[in-house]
Amino acid sequence: MDGNQRSDLGDLNQKVNFLLHMAALGQQRGDEARINQGRILTELYRARGGKHLKDYEFKVFSQWGEDGIIQRLINEVPLAHRTFIEFGVEDFMESNCRYLLMNDNWQGMVLDGSSRNIETLRASYFFWKHDLKAIAAFITAENIDALLATAGFDPDLGLLSVDVDGVDFWILQSIECVQPRILVVEYNALFGPERIITVPYEADFQRTRKHHSNLYYGASLGAMTALAAVRGYDLVGTNSAGSNAFFVRRDVRPESLPALTVEQAYTPCRIREARDAQGRLTYATRDQQLDTIRGLPVVNIASGEVEPF
């Protein structure tokens, strides 16, 4: 390579670095505006005084409005520690706890099974600004407790968010090292409000690989609520998308957040994420989605028996 080629390559690298810097700066400015909008909405919703958690929904970094619900919860539930753990975050760009990190300056730990996702997070403009630990690990019921213990947080955790699109019930059941005051868990609304069921445990469960539809995963709201109740938690609501349930530890739950039954809290899911065998979205109706996974094995939590869905 001659001198001119090296000079041209140097100029190109400078231009690329400049463009990357400007893109990161643009993202940062956009995030700051969104965070400020979230602060305004928090105050507006608080003054309005909604009756249900759904009334407080807004989205800054969450997928379906969980940011607003979580703000409502942390303003009502007394907290000993402003700490969170969230797993199944992908690169954390869209997640339940990023707003807690950047708006409320909580300490946190996030985990994801993809090393690339975690590398993307660590390269973000905000990672160095906050007390955030990021770990790449494929989570199983066997390793989750040891992984969470590496956070070094007091067991009286502020918030735990569980969303691995798989054997969430069995993983949550295996957590002993922390007792969060607020618990956010994904549930599979297709499993309905009546049945207390979950997919059987497999350490290497992967949603798409297990069934092409992407609909066979997780546990019913009833199963998650039964498990949470044994651990001392009350169900206080779900989001309007019918994907996440919110629990508060019974010993710290304020009267302003009444405990709900599964039937009171259940929200059907209207997300059309079903796919065909070639991985293409089918936009199937709820009845069509149910037919797609009907007959697949599920575990009845009450009896411990495997039965057909």
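The points below start with the basis of the model and then go through its contacts.

1. The model is predicted, so local features need pLDDT of at least 70 and side-chain atom pairs count only at pLDDT 80 or more, while totals for chains, interfaces and linings use all residues. Residues are numbered from 1 along each chain as its sequence is written, and side-chain values use heavy atoms, with hydrogens and water left out.

2. Helix H2 covers residues 66–76, and nine of its 11 residues are buried, so the helix is largely enclosed by the rest of the structure. Among the buried residues are Glu66, Asp67 and Arg72. Buried means under 20% relative accessible area, exposed over 50%, and partly exposed in between (1.4 Å probe, protein chains only). Helices (H or I, at least four residues) and strands (E, at least two) are DSSP runs, numbered from the N terminus.

3. Within H2, Glu76 and Arg72 lie four residues apart, about one turn of the helix. Their side chains form a salt bridge at 3.1 Å, N to O; the term requires a side-chain nitrogen of Lys or Arg within 4 Å of a carboxyl oxygen of Asp or Glu. Arg72 is buried at 15% relative accessible area, whereas Glu76 is partly exposed at 27%.

4. The structure has 19 salt bridges. One of them joins Asp204 and Arg209, with the closest N and O atoms 3.5 Å apart; Asp204 is partly exposed at 44% and Arg209 is exposed at 55%. Another joins Asp276 and Arg280 at 2.9 Å, and Asp276 is buried at 19%. Shared partners join Asp156, Arg181, Arg249 and Asp251 into one salt-bridge network.

5. There are eight aromatic pairs. Rings of Phe, Tyr and Trp (its six-membered ring) pair if their centres lie within 6.5 Å; planes under 30 degrees apart count as stacked, over 60 as edge-to-face and the rest as tilted. The Tyr45 and Phe58 rings have centres 6.1 Å apart and planes at 55°, so this pair is tilted. Tyr45 lies in helix H1 (residues 3–48) and Phe58 in the loop between H1 and H2, so the pair ties together parts 13 residues apart in sequence. Tyr45 is buried at 17%, and Phe58 is buried at 6%. Ring pairs link Tyr45, Phe58 and Tyr99 into a cluster.

6. The charged end of Arg98 sits over the ring of Phe61, 3.8 Å from its centre. The criterion is NZ of Lys or CZ of Arg within 6 Å of the ring centre and within 35 degrees of the ring normal. Arg207 is placed over the ring of Tyr217, its charged end 3.8 Å from the ring centre.
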